[in-house]
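Okay, thanks everyone, let me get the model up on the screen. I'll keep this short.

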Amino acid sequence: MDTYVSITVVSESEQVSQDAIEQAFAAIETFGNRINFYSDKSELAMINRSAGTAGVSVSTETLDIIDKALFVADASNGAFDPTIGPLIQLWNFHEPVKPHPDDIKNRLPLVNYRHVSIDKDGDVVMLKEKNMLLDLGGIAKGYAADIAVDVLKKNGISSGLVVIAGDIRTFGSKPGGKPWNIGIRNPRQKNRADEIIAKMQLTDKAISTSGDYERFFIQDGVRYHHLLNPGTGFPAMTIRSVSIIADKGVFADAFSTAVFVLGPEKGMDLVNKMNMEAVIIDNNGTIYTTEALKDKLYFEKID
Amino acid sequence: MKKSIKNTTIADRVLFFVLIACSIAGMVIVQEAIPQGAYVNIEIDGSLAYTFPLDSDRIVPVSTPDGDMIIEIKDEKVRVSESDCPKKFCVSQGWIAKGAIICLPNKTVILVEQGMPYSEKKLDAISG
């Protein structure tokens, strides 16, 4: 995967640790190659090329992540939508240029997760409309963290920490039975000192954060960022960052995008419905958390 | 060059070693001595309520169960600019760049500390 990956394990044997970590990195690599949106050779690219014409037989792993992506799309009523590819292609955050509204309007009908069909018996995926594009960018890092944890466990590791960019999965505890200390990035960091807005302790949980500060440009005082609303084709504007804590990385990752798009109120409703925990920082800097998190978060109070 | 190394006496080598040790020690001392940034910790009734970097200016209204106060951070110094405690010793202490201001009636301690804030010190990972 084209991103920062870090794996930490607790083990009595250095050899066991090394072997397990190597296996985990290899598994992430294999998975990354299968679902790479930008590579012609990936299984994802094959699905996209065959949109509107044929179903594509894929690995069980690729089928499974698409299945889970569709689950989150359904649960969030399309706030997270893995068929957002045609819109993602229009936005380029390296140059401060907004896509033409007509281009966005023309592509909006292509974004519809209901037009993805999967056949679990034959491991076949099909996009029903021509020019549809699956993009798993909003779910793949969390899923990769889960893959890594599964591989580590199979290789005799009972506790560790997998970090893929901002997507983190913890399992077991640190030496001495201590939980892992995880920080949440301040979405409006001004200096080195206020990098973290809150801190918490996690054991056997995943946390993912979606923020408007990752890829963006500012034009006429408006921050245009990569978290697009699948319904409008424009960035979702009511939130600065969402952190979701769930049992699995795949759900923490995808639901953080969904909640970002839904906004603080509807987003929090979804979080509660899915029995997850969340920290939401809205556009005014107001911090919302789920009830159970309230006494578990250590806040750095920042203006 | 090779020849001159061969011709060194034991004293030369000791001197050489001492010089290297000094320069390494120098690096370590410099790293330790130059502060990595100072922080203002505000503790209310024994528990840490706020942490701010000393090098960014701000005005912080603080409400405690015993009274309200306004804490000001400016030019890498901190003071209590207003307090509704009776004798206002905390206000009269003025600006500090190190040490602490303690307001007993409001059970508030304002402490300037060097180094990384607590939250960053002990993190295993950052999400975001």
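I'll go through a helix pair first, then the sheets.

Quick housekeeping: this is a predicted model, where local features need pLDDT of at least 70, side-chain atom pairs count only at pLDDT 80 or more, and totals for chains, interfaces and linings use all residues. Residues are numbered from 1 along each chain as its sequence is written, with chains lettered from A and ligands numbered from 1 in the order in which they are written.

So, chain A. Helix α1 (residues 14-34) packs on helix α6 (residues 140-154) at about 145°, axes 8 Å apart. Helices here are DSSP runs of H or I, at least four residues, and strands are runs of E, at least two, numbered from the N terminus. Axes are lines fitted to C-alpha atoms, for helices over the stretch in contact, and angles run from 0 to 180 degrees between N-to-C directions.

Who's touching whom? On α1(A) you've got, among them, A:Ala24, A:Ile28 and A:Phe31, and they meet a set in α6(A) including A:Ile147 and A:Val151. Contact means C-beta atoms, placed from the backbone, within 7 Å.

Now the sheets. Chain A has an open, antiparallel one, ordered β2-β4-β3. β2 (56-57) and β3 (116-119) each have a single partner strand, so one side of each is left without a neighbour in the sheet. Pairing takes at least two DSSP bridges between the strands. β2(A) and β4(A) (residues 124-127) have two, and A:Ser57 sits opposite A:Val124. Helix α3 (residues 60-75) of chain A lies across β3 and β4, at about 130° to β3(A).

Over in chain B, the order is β3-β4-β5, again open and antiparallel, and the twist averages 25° from one strand to the next.

Note on methods. Two residues are in contact if their C-beta atoms, placed from the backbone, lie within 7 Å.
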